[in-house]
Amino acid sequence: MNTIDWLLDSDPAIRWQAMRDLTDASPDAVAAERARVPREGVGAEILARQGSDGSWHRAGAPVWLPTLYTMLLLRTAGADPADPAIDSAIARLEAEFRWDEEFGSKPFFEGEVEPCINGGTLALGAYFGRPTESLARRLVGEQLDDGGWNCEAPKSARSSFHTTMCVLEGLLEYERAAGSTPETAAARRRAEEYLLERGLFRRRSTGEVANPEFLKLAFPPRYHYDVLRALDYFRDAGAEPDPRVGEALHLVESRQQADGRWLLDSAYDEALAFPFGESAGEPSRWNTLRALRVLRWCGVNAHMCASPIG
């Protein structure tokens, strides 16, 4: 079985994205496959795990934690927000969930206080038809002087790769749902430049690798940053590959196994409401899907990359 066939022989959440991004499947065929997400595989599992209070739960974890990160997996699965089962689940979450009292007891899509959490919350609200202008404005106002964000601010004046990535994903999804404003567009450009100036994984001051974990390909990422997550963001944003992403692209390419697949280096699945279906050290359909499509994204624009994709 070749790599594309291996992706197609899988969960509808992966299959429909592989069809859209890696094959010549018709839009009708892609849409038909996407429609299966809420009824089969990981999408159906997520919906089945929603509690009567509209949230998701995991023993020993505060309610917000599995709710936020299980919902982010549903977004990554590409579930159609217009599907009645999805819309019903989102309506229950919107009606029933409240953040902790110390964060104002606000409804889910209004967020809490940490930008890494609020970036994910903004992305979810926008994707599932509940874009929150006040949350977008708050995040734009919290951008640091170097262009990114940090949950430790104002104690720390330096941005975090982790938090910056979470907010970028949220602002991108918000702009799609509610339209771009000069403020959100400028904030996103500054944050993208923060990552590009660092080649997506290096310290700007010394050129050293900022964190070895950034070179490990993880899924689900929770709030954790890595180069594949960053590259998939730039691809999703429709950007032309900047030459400064070349080293990160080739690092991802070098991790391809002899059989054409990519392994799962880490799984930050401790926040999910159910066991994740892939194991670290084993071939990963999620990583393979994302790696192939970022390499294809660069391949179409190969003149923009630092060196050609082999």
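Is C166 buried or exposed? C166 is buried, with a relative accessible area of 5%. Keep in mind as you read that this is a predicted model.

- Let's begin with T3, whose place is in helix α1, residues 3-8. T3 has a relative accessible area of 13%, so this residue counts as buried.
- What does the side chain of T3 reach? The side chain reaches the backbone oxygen of G260, at 3.4 Å.
- Leaving out residues up to four places away in sequence, T3 touches D259, G260, R261, T288 and L292.
- R261 turns up again beside W6: the charged end of R261 sits over the ring of W6, 4.7 Å from the ring's centre.
- Between α1 and α2 there is a loop, and S10 lies in it. The relative accessibility of S10 is 13%, so S10 counts as buried.
- D11 caps the N-terminal end of α2, where a side-chain oxygen of D11 lies 2.8 Å from the backbone nitrogen of A13.
- Helix α2 spans residues 12-22, and ten of its eleven residues are buried, so the helix is largely enclosed by the rest of the structure.
- Among the buried residues of α2 are W16, M19 and L22, and also R15 and D21.

**Aromatic rings**

- How many aromatic pairs does a search of the whole structure find? The search finds 13.
- One of these pairs is F97 with F108: the ring centres are 5.1 Å apart and the planes meet at 85 degrees, so the pair is edge-to-face.
- F97 counts as buried because its relative accessibility is 3%, and F108 counts as buried because its value is 0%.
- Y233 and F234 also make a pair, with ring centres 5.2 Å apart and planes at 75 degrees, so this pair is edge-to-face.
- Y233 has a relative accessible area of 4% and is therefore buried. F234, at 4% relative accessibility, counts as buried.
- F97 and F108 also belong to one aromatic cluster, formed together with W64, W99 and F109.

**The nonpolar core**

- In soluble globular proteins, nonpolar side chains tend to be buried together.
- Here, the largest nonpolar core has 90 residues. Which residues have the most contacts inside it? They are L195, L200 and L231.
- Setting aside neighbours within four places in sequence, L231 is in contact with L200, V245, A248, L249, V252, V294 and W297.
- L200 lies in the loop between α10 and α11. Its relative accessible area is 0%, so L200 is buried.

**Cysteines**

- A disulfide is a covalent bond between the sulfur atoms of two cysteines.
- A search of the whole structure finds zero disulfides.
- For comparison, the cut-off for a disulfide is 2.5 Å.
- C116 is buried, with a relative accessible area of 13%.

**Backbone details to look for**

- Most residues other than glycine have a negative phi, and most peptide bonds are trans.
- L200 has a positive phi of about 75 degrees, although this residue is not a glycine.
- R222, another residue other than glycine, has a positive phi near 55 degrees. R222 lies in the loop between α10 and α11.
- A cis peptide bond joins A153 and P154, with omega at about 5 degrees. You will find P154 in the loop between α8 (133-141) and α9 (161-178).
- The peptide bond from F219 to P220 is cis, and its omega is near -10 degrees. P220 has its place in the loop between α10 (182-197) and α11 (227-236).

Methods
Residues are numbered from 1 along each chain as its sequence is written. This is a predicted model: local features need pLDDT of at least 70, side-chain atom pairs count only at pLDDT 80 or more; totals for chains, interfaces and linings use all residues. Side-chain values use heavy atoms; hydrogens and water are left out. Helices (H or I, at least four residues) and strands (E, at least two) are DSSP runs, numbered from the N terminus. Buried means under 20% relative accessible area, exposed over 50%, partly exposed in between (1.4 Å probe, protein chains only). A polar contact is a pair of N or O atoms within 3.5 Å; within protein, one must be able to donate a hydrogen and the other to accept it, and residues adjacent in sequence count only if both atoms are side-chain atoms. Contact means heavy atoms within 4.5 Å. Rings of Phe, Tyr and Trp (its six-membered ring) pair if their centres lie within 6.5 Å; planes under 30 degrees apart count as stacked, over 60 as edge-to-face and the rest as tilted. A charge sits over a ring if NZ of Lys or CZ of Arg is within 6 Å of the ring centre and within 35 degrees of the ring normal. A nonpolar core is a set of buried Ala, Val, Leu, Ile, Met, Phe, Trp, Tyr and Cys residues joined through side-chain atoms within 4.5 Å.
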